[in-house]
Amino acid sequence: MIVYPPIPPHKIEGTKIHKGDEPLYDYGLSTLTQYGLAAENTTRTRGALLCRTQRGILILREFHGSEKKLQFQQELLLHLQSAGQNVDTYLPNQSGDLVTFDKDNIPYTLQIWYEGRECDTKSREDVLKSIRTLARLHKSMKLPVHETYMEKSLQDEYTRHNQEIRKIRKYIRQKRPDNAYEKDFLASVGWFLEKGEMALQMLKDSRYEELRRISMEEGCVCHGEYNQHNVLILKSGTAVTNFDHLGFDIQMTDLYCFMRKILEKYNWDVALAQEMLKAYHQIRPITPLEWQNLKVRFTYPEKYWKLANYYFSHNKAWISEKNVEKQRKLIAQKEIWGVFPEKCFPKYPF
């Protein structure tokens, strides 16, 4: 759940809240005065503070990003809001700024929030509702291109990732595997690397550059992290939040990312995948070039690379058991996943 039972209001003094005689840090709550607002009650959630105010439910977060990108993000959010989408638009303070500083000069932002729950990945109804929401978003997510926020080429990304997988293989071979993760990696890496090389060649042989050019000409924007945690199921409709990773790109990136996370949990169920594709296609038609691009993306072993990259860039003296389990699940699913692209994308458009 996103919204929890309220915490009783506290007396605010400076940057601390006093509850009785016990001082607590206020997590930026004192900045609400700069918006002309007061919290009736508050609830702590992931790295933020939910506040029930006279403006409704708002979310207060410490700000760590670029103010320039924040302005661009707000431009997109206001554009989506005007198109009737429920999104987490930022509220300007009384000075008209999106970033507000407390007395200790810590920056905060305040955004519109919604009373609802996260998309339940076990519910096909929630999953399809989230897919339809993404399709409606994508129809509106078009702006004049800012080169600063253009995503990098997928061909360059796959080339780099394949090189990294080979580098990690060489490293483990030279040091000799001495834990379960390394042994499982060496035993499986050949098969997954072959898939990576196949996806890269498919991408080179496709009309990817043409699709990328068309997407840039149309000013297509991607959410950048469209997953179940960022889709709220409301009593009526849905809301989409956390656009921090937005960028100009082929919009199939968002669709692929959401579908991959869901399908991993459903053992690469082709029927569910096609149901998701149809739900999206009915609202925002998938072009032949986008269809081809999705097939390429589902051919690349992205999750396998992510686990390997995490292993290589972190402390190798201690390997997370959770990551060992994740890699073993990928290996166990490899035959089903390996044939998934051909089964799911046999012909356009279904």
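Reply: Buried means under 20% relative accessible area, exposed means over 50%, and partly exposed is in between, using a 1.4 Å probe and protein chains only. Lys129, with a relative accessible area of 24%, is therefore partly exposed. Please keep in mind that this is a predicted model, where local features need pLDDT of at least 70 and side-chain atom pairs need 80 or more, while totals for chains, interfaces and linings use all residues. Residues are numbered from 1 along each chain as its sequence is written, and side-chain values use heavy atoms, without hydrogens or water.

Me: Ok, which residue does Lys129 pair with in a salt bridge?

Reply: Its partner is Glu125, and the closest N and O atoms of the two are 4.0 Å apart; a salt bridge here is a side-chain nitrogen of Lys or Arg within 4 Å of a carboxyl oxygen of Asp or Glu.

Me: Is Glu125 buried or exposed?

Reply: Glu125 counts as exposed, because its relative accessibility is 54%.

Me: What about pairs that link distant parts of the chain?

Reply: One of them joins the side chains of Glu218 and Lys142 in a salt bridge at 3.5 Å, N to O. Glu218 belongs to helix H5 (residues 208-218) and Lys142 to the loop between H2 and H3, so that 76 residues separate them. Glu218 is partly exposed, with a relative accessible area of 42%, and Lys142 is partly exposed as well, at 36%.

Another is the salt bridge between Lys303 and Glu264, at 3.4 Å from N to O. This pair also links distant parts of the chain, with Lys303 in helix H9 (residues 302-313) and Glu264 in helix H6, 39 residues apart. Lys303 counts as partly exposed because its relative accessibility is 22%, whereas Glu264 is buried because its relative accessible area is 11%.

Me: Which residues are linked with those two in a network?

Reply: The salt-bridge network holds Arg260, Glu264, Glu302, Lys303 and Lys306. For the structure as a whole, the search finds 20 salt bridges.

Me: Changing topic: which residues form the positive surface patch?

Reply: The patch is formed by Lys261, Lys265, Lys322, Lys326 and Lys329. Helix H6 (252-265) and helix H10 (321-344) each supply at least two of its residues, and H10 gives the most, with 3. For a charged patch, residues with over 30% relative accessible area and no salt bridge are joined when like charges lie within 9 Å.

Me: Last one, what about Leu50?

Reply: Leu50 is placed in strand E5, residues 48-53, and is buried because its relative accessibility is 4%. Leu50 and Gln111 are 61 residues apart in sequence, and their C-alpha atoms are 9.7 Å apart in space.

Technical notes:
Patch = residues over 30% accessible without salt bridge, like charges linked within 9 Å, V, L, I, M, F, W, Y side chains within 5 Å. Areas by Shrake-Rupley, 256 points an atom, 1.4 Å probe, with all protein chains shown as cover. Lys, Arg positive; Asp, Glu negative; His and termini not counted. Charge placed at Lys NZ, Arg CZ, Asp CG, Glu CD. Helix = DSSP H or I, 4+ residues; strand = E, 2+ residues; numbered from the N terminus.
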